[in-house]
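Trainee: I am new to this structure and would like to go through it in questions and answers. Please show it to me before we start.

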Amino acid sequence: MKRFHVHVAVHDVKQSVRFYSALFGAPPSVEKPDYAKWMLEDPRVNFAISTHASKLGVDHLGIQAENGPELEELGSRLAQADVAVTPQTGAACCYAKSDKYWTIDPQGVAWESFHTLGSVPVYGTDSRQELTKIHEPKASCC
C-alpha cells in the first residue's frame, strides 16, 4: 500500500517538531537538527520537514512505494502523463537511500515517487537538480 508524502521547508525544526507532534499526537519517527519525519498511519502519510529548501512552505508532494515493483508502476504511470520524468537510482537524501522518479505537474508542483531502500547517516547531497533545470526555483533534495 502506498503512502502519501508531504515535505515542508521550515525555518526552525525544533519549533516545528513541537507544533507537528501536537497536531499529529505523536513524536517524529526520525528527528535530526535539520530534519524530522512522521510515518503516520492515520492518515497514512510520510510527513517531513527540513531546513534545506530555498523558500519556506510546501516544498514538494509525493507517493512512497512499499517496494520496487510498486515504484516502477508509478514511473510507468508518470510516463503516460506526457510530462518530463527524472529517475534517480540509489539517491542519498533525507537521511535515506531511495530509488525515485521526479516530475512537475502542470501547475508547477514538484512530485517525488520513491521507494526507500535504507537509511544513511547524513541528510545527503543527491537532489532533483536535473528536474530543477526544467522548472525553477531550485528546492530541497527530497
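**Salt bridges, a hairpin and a cavity**

Mentor: Glutamate 41 and arginine 44 form a salt bridge, with their closest N and O atoms 3.1 Å apart; the term means a side-chain nitrogen of Lys or Arg within 4 Å of a carboxyl oxygen of Asp or Glu. The model is predicted, so local features need pLDDT of at least 70 and side-chain atom pairs count only at pLDDT 80 or more, while totals for chains, interfaces and linings use all residues. Residues are numbered from 1 along each chain as its sequence is written, and side-chain values use heavy atoms, with hydrogens and water left out.

Trainee: How many salt bridges does a search of the whole structure find?

Mentor: One of them is the pair of glutamate 41 and arginine 44. The search of the whole structure gives a total of five.

Trainee: Which strand holds arginine 3, the partner of glutamate 41?

Mentor: Arginine 3 and glutamate 41 form a salt bridge, and their closest N and O atoms are 2.8 Å apart. Glutamate 41 lies in strand E3, so the pair ties together parts that are 38 residues apart in sequence, and arginine 3 itself lies in strand E1 (residues 3-9). Strands (E, at least two residues) and helices (H or I, at least four) are DSSP runs numbered from the N terminus, and the strand asked for is E1.

Trainee: Is arginine 3 buried or exposed?

Mentor: Buried means under 20% relative accessible area, exposed over 50%, and partly exposed in between (1.4 Å probe, protein chains only). Glutamate 41 has 55% and is exposed. Arginine 3 has 8%, so the class for this residue is buried.

Trainee: Which residues are linked in a network of salt bridges?

Mentor: Glutamate 66 forms a salt bridge with arginine 44, with the closest N and O atoms 2.6 Å apart. Glutamate 66 is in the loop between strand E5 (57-65) and helix H2 (68-80), and arginine 44 is in strand E4 (residues 44-50), so this pair ties together parts 22 residues apart in sequence. Arginine 44 is partly exposed at 22%, and glutamate 66 is partly exposed at 44%. The network links Arg3, Glu41, Arg44 and Glu66.

Trainee: Which residue in the turn between E6 and E7 has a positive phi?

Mentor: Strand E6 (residues 85-93) pairs with E7 in the antiparallel sense over seven bridges; to pair, two strands need at least two bridges found by DSSP. The two strands form a hairpin with two residues between them, and the residue with a positive phi, about 60°, is cysteine 94.

Trainee: How much space lies in the largest cavity?

Mentor: A cavity is a set of points on a 1 Å grid over the protein atoms alone where a 1.4 Å probe fits but cannot get out, and its lining residues have an atom within 4 Å of a point. Grid points are joined across faces, edges and corners, and the volume is the space filled by probe spheres set on the points. The search finds one cavity of 30 Å³ or more. The space in the largest cavity is about 110 Å³.

Trainee: Which residues lie closest to the centre of the largest cavity?

Mentor: Strands E3 (35-41), E7 (96-104) and E8 (110-119) each supply at least two residues of the lining. Of the 13 lining residues, the closest to the centre are Tyr35, Cys93, Cys94, Ala96 and Phe114.

Terms used
On a 1 Å grid over the protein atoms alone, a cavity is a set of points where a 1.4 Å probe fits but cannot get out, and a pocket is an open set with protein on both sides within 12 Å along at least five of seven lines; lining residues have an atom within 4 Å of a point.
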